Amino acid sequence: MANFDEIIDRKNSYSLKHDFARERGKPEGLIPLWVADMDFRAPDAVVDALTAASKAGIFGYTVPKPDYYEVVRGWFSERYDYVFRDEHVITTPGIVYALAMSVRAFTEEGDAVLIQRPVYHPFSEVIDDNRRKLVNSPLVQEPDGKFRMDFTDFERKVREENVKLFILCSPHNPVGRVWTRAELEQIGDICVKYGVVVVTDEIHCDFTYPGYKHTSFTTVKESFEDIAITCTAPSKTFNFAGLQISNIIIKNQQLRRKFRKELDKSGYSQPALMGIVACKAAYEYGGPWLEELRAYLKGNLDFLRAFLKERIPQIKMTEPEGTYLVWLDFRTVASSVEDADDLITNRAGLWLSEGSSYGPEGIGFQRINMACPRSVLRQALEQLAVAVADRG
Ligand SMILES: Cc1ncc(COP(=O)(O)O)c(C=O)c1O
């Protein structure tokens, strides 16, 4: 049994989450609940495989063999009915890297790339930094609190802006939606109709709450296979983002060739040994650990929901269907971005992700990463409750 209650001291481990407050303009001593990695140890099977590879003591160039692909394919076919062949898989040192490569491979400077804000901020960065035109079709929050896609706006923008590429976040960070098959079908049909390439970032696919099931975009319709770049990674699921391994699945040969050419141009060839070792061990043996983790995260979510309802009802929680990130509405407790920062950083002693970093649509919101021991989450929420109460 994994012990997710264990508090592991991550200080002085080069942890972005724990060791870089000063560099990021924050005071020391905050409880860090921001960047999306977890304060849990990876499964024993992963640690053991890495230890064995490390003990061997030789860390030469690495190329995955068929047994690696078999394990990757097994994970996706068993869980998501997503079937592909070895040659469809291209490793990259992370998904953001694959997003940037896709932008470069499938569009020219000045071309329009569509995203749905508020969304994970590197989506905007890879568009802007590569001098493409960012087109936003914002998600709409309905009265029931749920965020939905605006299909009419989406199609109009695709048509009018001559959109070439769409970056889909599925499940969605930060609003926590697990898109339904029907939603994916509707959006995919529009993309097929207008010849838009879809980069579907499915890094959070393994985190869904009871009652919700991730649907991989290309499994919705055969025609979607010809327009899709599916970005997957074991790194969120098993907590080894620092090992830099992701598996990009491209069924269409022409798209795959273009993508690979772009990787060649960037000088990337072989993946890092430890990433391959960890990925294989995780997908081969990590299933039971993941089930325990999902149950623990569900417990954290229940705790968070109940705490807010009872102690800080002014802060409204967007009920997530997936991911361990929760989108909180602070608009009734803070009047501006600066005010929210003062409340959260200076008074509550927390480090959350500021909503406006996901686009202007995120102003007034904060994202909390609740993948931490429950006692840490409880402490953080107690501090927040006191800070809010002190303001009267
Ligand atoms: C939607 C999404 N994509 C990609 C990433 C990061 O992927 P990588 O570390 O593989 O670049 C994250 C991390 O939070 C994410 O939320």
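This is a predicted model: local features need pLDDT of at least 70, side-chain atom pairs count only at pLDDT 80 or more; totals for chains, interfaces and linings use all residues.
The chain is assigned two domains, of which domain 1 is made up of residues 16-42 together with residues 288-391, while domain 2 covers residues 47-285. Between the C-alpha centres of domain 1 and domain 2 there is a distance of 26 Å, and the contact involves 28 residues from domain 1 and 31 residues from domain 2. On the side of domain 1 that touches domain 2, at least two residues are supplied by α11 (287-311), and at least two by β12 (325-329). The largest share of this side of domain 1 is that of α11, which contributes 5 residues. By class, the side of domain 1 that touches domain 2 holds 13 nonpolar, 7 polar and 8 charged residues.

A pair of packed helices is described by two quantities, namely the angle between the axes and the distance between them. For α11 and helix α13 (residues 374-391), the axes come within 11 Å of each other and cross at roughly 20°. Because angles under 35 degrees count as roughly parallel, α11 is roughly parallel to α13. The crossing of these two helices, α11 and α13, is right-handed. To this contact α11 brings Gly 299, Asn 300, Phe 303, Leu 304, Phe 307 and Arg 311, whereas α13 brings Arg 374, Leu 377, Leu 381 and Ala 385. Sorted by class, the residues in the contact of α11 with α13 comprise 6 nonpolar, 2 polar and 2 charged ones.

Helix α2 (residues 44-56) packs with helix α10 (residues 273-285) at an angle of about 145°, and the axes of the two helices are 8 Å apart. The crossing in which α2 passes α10 is right-handed. From α2, the residues that make the contact are Ala 45, Val 46, Ala 49, Leu 50 and Ala 53, and from α10 they are Leu 273, Met 274, Val 277, Ala 278, Ala 281, Ala 282 and Tyr 285. The contact of α2 with α10 contains 12 nonpolar residues, with no polar and no charged residues.

Key. Residues are numbered from 1 along each chain as its sequence is written. Domain bounds come from an automatic or database domain assignment. Two residues are in contact if their C-beta atoms, placed from the backbone, lie within 7 Å. Helices (H or I, at least four residues) and strands (E, at least two) are DSSP runs, numbered from the N terminus. Ala, Val, Leu, Ile, Met, Phe, Trp, Tyr, Cys and Pro count as nonpolar, Asp, Glu, Lys and Arg as charged, and the others, Gly among them, as polar. Axes are lines fitted to C-alpha atoms, for helices over the stretch in contact, and angles run from 0 to 180 degrees between N-to-C directions. Angles under 35 degrees count as roughly parallel, over 145 as roughly antiparallel, 65 to 115 as roughly perpendicular and the rest as oblique. A crossing is left-handed if the near helix is turned anticlockwise from the far one by less than a right angle, and right-handed if clockwise.
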